[in-house]
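Me: I would like to go through this structure by question and answer, with the cut-offs behind each term stated along the way. Please begin with the strand pairing.

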Amino acid sequence: MKKNIKFSIIPLLFISLLTLAIAGCGSNGTSDNGASGDSTKVKVIDIPLTQEEYAFGVDKSQPELLTQVNEFILSIKSDGTFDEILNNYFGDGEPKAITSAKLDSSKDQLIVATNAAFEPFEYTAGDKYHGIDMEIAALLAKRLGKELVISNMDFDAVCLSVGQGKADIAMSGLTIKEDRKEYVAFSDAYYNAAQKVVVKGEDTSFDQSQTAADVEGILSGFSSDTKIGVQTGTTGQFYVEGDKDWGFSGLNATAVGYKNGSLAVQDMINGNIDYVIIDEAPAQFISQAINSLN
């Protein structure tokens with residue numbers, strides 16, 4: 001799928017932060033997203049380091065909801081609705097603003113736990129939510145005849161909130177992972193994803209890499225002095241630090257955690273860290289947004 005990201009819907013706060021972060025920084029070279037010359041502040045190394053599946057995390061005490069969610073996923077993927085949603089963010093469609101109702105125990109509500117700092121799956125613009133998962137959440141609530149409530153929190157609290165009965169479902173670009181099954185029952189997978197490396201525009205360290213093994217060979221040669229930004233609680237962190245469930249042996253480099261990928265990329269541009277490893281869709285979204293500001 002051609003990924004022509006729509007920059008007009010990136011949150012204004014995100015834009016302003018990026019503008020401050022990159023002011024006065026120069027670069028050269030050609031990025032993987034098509035920017036070139038001085039417009040290339042950052043680039044994504046277009047080689048997947050992992051193979052992952054995103055799914056929704058459902059409250060274990062609601063098996064009927066899990067069945068309904070799986071039926072819903074099958075339905076929207078079969079009738080073209082899911083492709084239309086993807087086109088809103090990766091093509092020429094228009095993203096839809098999603099409104100969250102206020103939590104009210106007297107109403108029949110679907111409470112969705114998310115971390116709205118994971119473009120293009122979930123993020124905010126003003127008091128509205130946007131993103132692939134948020135559009136799916138709105139359609140799911142409508143299908144179930146419920147009022148949608150979106151509960152925004154740090155990523156590493158998303159599954160826990162469902163496990164504690166504070167939310168019905170986690171919808172947050174959530175990779176299926178064994179230890180998360182302690183808190184949620186995973187739905188069927190709905191999206192394939194991977195981790196990728198983001199570098200400064202002038203960085204040539206990975207330019208000759210052709211395979212994941214080539215990239216991993218370079219990463220494994222870094223010492224603890226090399227700082228790699230990750231979004232806390234995500235696969236990127238597990239990849240850098242090591243994780244038995246994934247079979248990741250870890251790197252010698254030091255992982256630096258951030259609340260979201262955009263903050264990590266900003267800090268890299270500012271010279272505080274050396275590289276960033278995050279999910280590929282946010283990596284492309286953030287990188288194109290930064291490069292488009294020039």
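Me: In which sense do strand β2 and β8 pair, and over how many bridges?
Reply: The model is a predicted one, in which local features need pLDDT of at least 70, side-chain atom pairs count only at pLDDT 80 or more, and totals for chains, interfaces and linings use all residues. Residues are numbered from 1 along each chain as its sequence is written, and side-chain values use heavy atoms, with hydrogens and water left out. Helices (H or I, at least four residues) and strands (E, at least two) are DSSP runs numbered from the N terminus, and two strands pair if DSSP finds at least two bridges between them. Strand β2, residues 52-59, has Y54 opposite T175 in β8, and the pairing of β2 with β8 is antiparallel, over four bridges.

Me: In which sense does strand β3 pair with β8?
Reply: Strands of a sheet pair through backbone hydrogen bonds, either parallel or antiparallel. For strand β3, residues 109-114, there are two bridges to β8, and V112 has I169 as its bridge partner in β8. The sense of the β3 and β8 pairing is parallel.

Me: How many residues of strand β8 are buried?
Reply: Buried means under 20% relative accessible area, exposed over 50% and partly exposed in between, with a 1.4 Å probe and protein chains only. Strand β8 covers residues 169-175 and is largely enclosed by the rest of the structure, because its buried residues number seven of the seven.

Me: Which peptide bond is cis, with omega near 0°?
Reply: Most residues other than glycine have a negative phi, and most peptide bonds are trans. P120 is located in the loop between β4 and β5, and the cis bond runs from E119 to P120.

Me: Which side chain of opposite charge is nearest to the buried E122, and how far away is it?
Reply: E122 belongs to strand β5, and its side chain makes a polar contact of 3.5 Å with that of T114; such a contact is a pair of N or O atoms within 3.5 Å, where within protein one must be able to donate a hydrogen and the other to accept it, and residues adjacent in sequence count only if both atoms are side-chain atoms. A salt bridge requires a side-chain nitrogen of Lys or Arg within 4 Å of a carboxyl oxygen of Asp or Glu, and for charge Lys and Arg count as positive and Asp and Glu as negative, while His and the chain ends are not counted. E122 has no salt bridge, and the nearest side chain of opposite charge is R180, at 11 Å.
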